[in-house]
Amino acid sequence: MRRFIEFLLTEGYLTKGWVLNRSFLHNIYYNYISNNMNYTKNCNKYNNINIRYFMGDARHTLKSVNLVYDIVFLDAFSPQKDPVLWTIDFLSLIKSKLNDKSVIVSYSKSTPFRSALIELGFCVGKTIIDNKDMGTVASFDNSLILNPLSDYDYKLLLTRTAIPYKDTSLSLSAEQIIINRNNDMLSSDRISMTQFLKKYY
Ligand SMILES: C[S@@+](CC[C@H](N)C(=O)[O-])C[C@H]1O[C@@H](n2cnc3c(N)ncnc32)[C@H](O)[C@@H]1O
């Protein structure tokens, strides 16, 4: 994974044109899909990237995976629509597969996602690209969090909006997870988003 990230950082992905992308994608194709590796052996310099993929519901698959991950990219639709892989319980499962310097990165800026990460003991910050707040990064190592959450983000974490999605059995449907969280929000004595905006803004 480290090599893969170095590759992306040094060579770029979308920005360097079709030749590079093609050789990169061909490497994956000929390593994992076609048996005809000889065809690309001499023309492909990216032959040290290994990809291992798992099919199935990640909530079950990850339980049986005996690996430690340096980086986890979380891109599982949006927490509001499909919270299955954004629950505090699934994040806790991910946590059990990390080391002290691992990072979780996501495009999502969702407050329940961030609050779940904080509840699990992660240091949490933003990913910023071209001065734009693009997503979330989390690690146990605070030195890896380059852009901390803002005062506004932290205040949001005190509202009902920050109540995490839950799925203790790692088996609930998205619909049930949403219904349960709505009930948690209704019965919570935390400040609502409307009260929060009136109070502070
Ligand atoms: C927005 S797409 C991510 C696509 C991918 N990151 C990419 O750039 O091609 C969300 C993916 O999450 C997968 N997904 C959703 N729920 C899942 C689950 N419980 N277990 C495994 N994969 C899941 C979907 O199948 C879908 O491929």
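**Architecture and ligand surroundings of the predicted model**

The chain comprises 9 helices and 4 strands, where helices (H or I, at least four residues) and strands (E, at least two) are DSSP runs numbered from the N terminus. The model is predicted, so that local features need pLDDT of at least 70 and side-chain atom pairs count only at pLDDT 80 or more, whereas totals for chains, interfaces and linings use all residues. Residues are numbered from 1 along each chain as its sequence is written, and side-chain values use heavy atoms, with hydrogens and water left out.

From the N terminus on, the order of elements is α-α-α-α-β-α-β-α-β-β-α-α-α. Of the 201 residues of the chain, 40% are buried, that is, under 20% relative accessible area (1.4 Å probe, protein chains only). Among contacts (heavy atoms within 4.5 Å) between residues at least 6 apart in sequence, 60% join residues at least 24 apart. The chain exposes about 12500 Å², of which carbon and sulfur atoms supply 55%; accessible areas come from the Shrake-Rupley method with a 1.4 Å probe, and for residues only the protein chains shown count as cover.

Helix 6 (residues 111-119) is largely enclosed by the rest of the structure, because 7 of its 9 residues are buried. These buried residues are Thr111, Pro112, Phe113, Arg114, Ser115, Ala116 and Leu117. Gly121, which follows helix 6, has a positive phi near 95°.

Strand 3 (residues 123-129) is likewise largely enclosed by the rest of the structure, since 5 of its 7 residues are buried. Strand 3 pairs with strand 4 (residues 132-139) in the antiparallel sense over 7 bridges, pairing being assigned if DSSP finds at least two bridges between two strands. Within this arrangement, Thr127 stands opposite Gly135 of strand 4. The two strands form a hairpin with 2 residues between them, and Asp130 in the turn has a positive phi of about 50°.

The ligand is surrounded by Gly56, Asp57, Ala58, Asp75, Ala76, Phe77, Val84 and Leu85, each having a heavy atom within 4 Å of it. This shell divides into 5 nonpolar, 1 polar and 2 charged residues, with Ala, Val, Leu, Ile, Met, Phe, Trp, Tyr, Cys and Pro counted as nonpolar, Asp, Glu, Lys and Arg as charged, and the others, Gly among them, as polar. A nitrogen atom of the ligand lies 3.0 Å from a polar side-chain atom of Asp57. A polar backbone atom of Ala58 is 2.8 Å from a ligand nitrogen atom, and an N or O atom in the side chain of Asp75 is 2.7 Å from a nitrogen atom of the ligand. The protein covers 46% of the 600 Å² of accessible area that the ligand has on its own.

Methods: Polar contact = N/O pair within 3.5 Å; in protein donor to acceptor, adjacent residues only side chain to side chain. Buried < 20%, exposed > 50% of the residue type's maximum accessible area, 1.4 Å probe, protein only.
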